[in-house]
Amino acid sequence: MIKKIICGLTALFFTSPVFAQGDVYQKSKAYQWPADPLVVQKLKKWQDQKFGVLMHWGLYAVPGIVESWSICDEDWISRDTTRTYQQYKDWYWGLCEKFNPVKFNPAQWASVFKDAGMKYMIFTTKHHDGFCMFDSKYTDFNIARHAFKDNPKRDVLKYVLQAFRDEGFMTGEYFSKPDWHSQDYWWDVYPTKNGRNVNYDIKKWPWRWDAFKKYTYNQMEEILSRYGNVDILWLDGGWVCKENNQDIDMPEIAAMARHYQPGLIIVDRTVHGPYENYQTPERTIPETQLDFPWESCIPLSNDWGWVPRPKWKTPATVINTLIEIVAKGGNLVLGVGPTPEGLIQPEVVLRLKVIGEWLRTNGKAIYGTTITKHYNDGNVWFTANKDGKHLYAIYVLKDGEQVPQTISWTVNVPRSVRLLSTGKTLKMFKSNGTVTVTLPANMKEESFALQLDM
């Protein structure tokens, strides 16, 4: 993911909170619908899911230094100043001998996320550091060849995907196109003076870049051919693209991918064209509705992976974010990082449980809905039932706010209004295009949905 990581490592290699880095490379400004009817069909299914989870888990979980950005040499990064850059990288690579998640329990993960009302998942098979969370035959730099090698679940990806399939999730694989551990991307002959980019002249060394392209192709083939059904291939590292003179031949990759996984949704993030099947605004929500597939990716804390001292979002914040995103036509994928031991920590479980309880009561206004022309009026957001018989008005209650006695809006005037949680018809008054609804006493202090009979 693209973010500003302030490593600020102490003697224990803990970090300060991590915040968004901002735009590093241009986001796509247009959308191209896929031509393959199987992809279109799967996209429509995915759009109905509305709420998913994105799991970042790798070497960076050991010291709790979100993801692999600390080994990048860009000037916004700070590191442990008692080490040289090479010493730091050597320390980081050596974390493979300490990453031993003996409590690894993907069934717990899937159970927790299902209880939260999530419907699809994306798991990080490889981040930019090149450390694979699957038993790749093309590199020993993977979880199955080091500290975790004697565990029967050492081929982690296999067990993660199966656990989520068993719970009925759509499944997705995150894969980093850049690989900073590969000598064919960051070649030790040259310094990493180009930040996140390839550090040698591809035109001067075309055979080395061809080797990297083959390596990337082979690893994507591994994760798509060896682990059963996969619905989404979520590609990060948008600077690795033809437009940036780092062509890895996406047409060839896509053809291979859909040979093994017909109808596969490919998300080549920020790279406009036929292989960005949905767009992925990061840590943001678009200002207005979008009429094509998109997904806001937002972490539950300030960080994508596990850190020792996270700053959590409240359940109400996540719920209200989901409401706005769905009303604007998108999905929310919530970032959660498993602990170094391999569990979802209790603080996450408690927050997700509250979100799941809300969705079990109000989910009809979220799942399988579509957009409506008038989608927002103040604190009220609107979604639509696909059969056209109902709209849903969802009142967003901020943290600490009390439920009002009445709520009003000036669009989407219904014949009658029911509280979705109980089915009870509510008193409604219409005047000059304004609808005023009287709410029951003693409602929970939380956002709630109304069904509008049109």
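Reader: Which residues are linked with Asp135 in a network of salt bridges?

Author: This is a predicted model, and side-chain atom pairs count only at pLDDT 80 or more. A search of the whole structure finds 17 salt bridges. In the network that includes Asp135, the linked residues are Asp140 and Arg145.

Reader: Is strand 3 buried or exposed?

Author: Strand 3 covers residues 170–176. On one side lie Met170, Gly172, Tyr174 and Ser176, and on the other Thr171, Glu173 and Phe175. In a regular strand the side chains alternate between the two faces of the sheet. Both faces of strand 3 are covered, and 7 of its 7 residues fall under 20% relative accessible area, so the strand is largely enclosed by the rest of the structure and counts as buried.

Reader: What is the bridge partner of Gly172 in strand 4?

Author: Strand 3 and strand 4 (residues 232–236) run parallel and are joined by 5 bridges. The chain passes from strand 3 to strand 4 by way of helix 5 (residues 206–225), in a right-handed β-α-β crossover. Within strand 4, the bridge partner of Gly172 is Ile232.

Reader: How many residues apart in sequence are the parts that Glu167 and Lys114 tie together?

Author: The side chains of Glu167 and Lys114 meet in a salt bridge, at 3.0 Å from N to O. Glu167 lies in the loop between helix 4 and strand 3, while Lys114 belongs to helix 3 (residues 106–115), so the pair ties together parts of the chain separated in sequence. Glu167 is partly exposed at 29% relative accessibility, and Lys114 is partly exposed at 43%. The separation in sequence is 53 residues.

Reader: Are Asp179 and Lys126 buried or exposed?

Author: Their side chains meet in a salt bridge, with N to O at 2.8 Å. The pair links distant parts of the chain, Asp179 in the loop between strand 3 and helix 5 and Lys126 in strand 2. Asp179 and Lys126 are both buried.

Reader: What is the relative accessible area of Asp453, which meets Arg418 in a salt bridge?

Author: The salt bridge between these side chains has an N to O distance of 3.2 Å. It links strand 15 (residues 448–453), which holds Asp453, to strand 12 (residues 416–419), which holds Arg418, 35 residues apart. Arg418 is partly exposed at 28% relative accessibility. Asp453 is buried, with a relative accessible area of 8%.

Reader: Which residues have the most contacts inside the largest nonpolar core?

Author: In soluble globular proteins, nonpolar side chains tend to be buried together. Here the largest nonpolar core has 121 residues. Leaving aside neighbours within four places in sequence, Phe123 is in contact with residues including Met55, Trp57, Trp109, Met133 and Tyr174. The residues with the most contacts inside this core are Trp109, Phe113 and Phe123.

Key. Residues numbered from 1 in each chain as written. Predicted model: local features only at pLDDT ≥ 70, side-chain atom pairs only at ≥ 80, totals over all residues. Heavy atoms only, no water. Buried < 20%, exposed > 50% of the residue type's maximum accessible area, 1.4 Å probe, protein only. Helix = DSSP H or I, 4+ residues; strand = E, 2+ residues; numbered from the N terminus. Pairing = 2+ DSSP bridges. Right-handed = clockwise from strand over helix to strand, strands pointing away. Salt bridge = Lys/Arg side-chain N within 4 Å of Asp/Glu carboxyl O. Core = buried A, V, L, I, M, F, W, Y, C linked by side-chain atoms within 4.5 Å. Contact = heavy atoms within 4.5 Å.
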